[in-house]
Amino acid sequence: MSSDSGAASSDSTLQLIAKKIRSQFLLFCIAIALVIVTVIQTAGVDAALPIGAILIVFFVGAIVYSFVEKDQGPVARSLDAVPDSKGEELELQVWMKHVDPSKPEHVYRIGDQVRVCVRASRDCYLTLLNLASDGELTILFPNRHNQNNRIQGGITHEIPSDGYGFNIVLEEPVGVDRLKAIATLDPKPLLETQFDPDGEFFHSVPSSATPRAMCVVAASVEKRQDREWAAASTQFEVKKI
């Protein structure tokens, strides 16, 4: 997910470059192998040598790729550190919707503008997390525009709603994203965040830091009595256009 307002930071640019490199690394290995074959054949070298060169390229590529494409299983399960539940005094619901009502429900593609809908049974403090398919964890709420995360109970809140000054636009990577909404009765934040007035709307952490961040959230939740918090989740698949 991303906001379509404001320039991207240098960190976001570097992360995007890294994702592109990661997703196309094997194609790069293939291209290098073809170059090696062309050069060796032009030089009139025996066929055994280009075959050996290709095997070496793919062997090295497979090793590097195995490190780049780490198992995302633990990251994907990190949101489960805070299980869905409802307190004795608090219930919570979360779901997705298109900004354009003409688009098919439950079908989301790159470039679609969406809103996250949350409804709590009573006044509470909301933390809304999005776990992308690549493991990046983004705090959708609170955000730079709405740093006060208190919401009114009994009504549906849309993030972003009209007047926020930005939209949530789905972007790469494709795959299944997960949303986790956590509501508490006290205002103490689950994660410490600082929003730069000139920075991005949402605070994000890379996939390598996601499990640790969710451990911090879970520890903060566990300090509260069961009746004082609730959590709900949903997931959606981002597809290509």
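Predicted model: local features only at pLDDT ≥ 70, side-chain atom pairs only at ≥ 80, totals over all residues.
The structure holds 1 aromatic pair, where rings of Phe, Tyr and Trp (its six-membered ring) are taken to pair if their centres lie within 6.5 Å, with planes under 30 degrees apart called stacked, over 60 edge-to-face and the rest tilted. Tyr108 belongs to strand S3 (residues 108-109) and Phe236 to strand S12, so the pair ties together parts that are 128 residues apart in sequence. Helices (H or I, at least four residues) and strands (E, at least two) are DSSP runs, numbered from the N terminus. Tyr108 is buried, at 3% relative accessible area, and Phe236 is buried as well, at 4%; buried stands for under 20% relative accessible area, exposed for over 50%, and partly exposed for values in between (1.4 Å probe, protein chains only).

Residues are numbered from 1 along each chain as its sequence is written, and side-chain values use heavy atoms, with hydrogens and water left out.

Turning to the overall fold, the protein chain comes to 5 helices and 12 strands. Of its 241 residues, 37% count as buried. Among contacts (heavy atoms within 4.5 Å) between residues at least 6 apart in sequence, 81% join residues at least 24 apart.

The largest nonpolar core has 30 residues, and Leu92, Val116 and Leu128 have the most contacts inside it. Such a core is a set of buried Ala, Val, Leu, Ile, Met, Phe, Trp, Tyr and Cys residues joined through side-chain atoms within 4.5 Å. Two or more residues each come from strands S2 (92-98), S4 (113-120), S5 (124-131), S6 (137-141), S10 (175-184) and S12 (229-239). Apart from this core lies another, of 17 residues, including Leu131, Ile139, Ile182 and Ala218. Leaving aside residues up to four places away in sequence, Leu128 touches Val94, Val116, Thr138, Ile139, Leu140, Phe141, Ile159, Lys180 and Ala181.

Thr210, Ala213, Met214, Val217, Ala218, Ser220 and Val221 are the buried residues of H5. Seen down the axis, they fall within an arc of 160°, so they line one face of the helix; the arc is that of the directions from the helix axis to the C-beta atoms. On the other side of H5, Arg212, Cys215 and Glu222 are exposed.

For those with an eye on cysteines, Cys215 has a relative accessible area of 53%, whereas Cys117 is buried at 2%. The structure holds 0 disulfides (pairs of cysteine sulfur atoms within 2.5 Å).

Some backbone details complete the picture. The peptide bond from Phe141 to Pro142 is cis, with omega near 5°, and Pro142 sits in the loop between S6 and strand S7 (150-151). The bond from Ile159 to Pro160 is also cis, with omega near 0°; Pro160 is found in the loop between strand S8 (156-159) and strand S9 (168-169). In the loop between S2 and S3 lies His106, whose phi is near 70°, a positive value in a residue other than glycine. His106 is exposed, with a relative accessible area of 61%.
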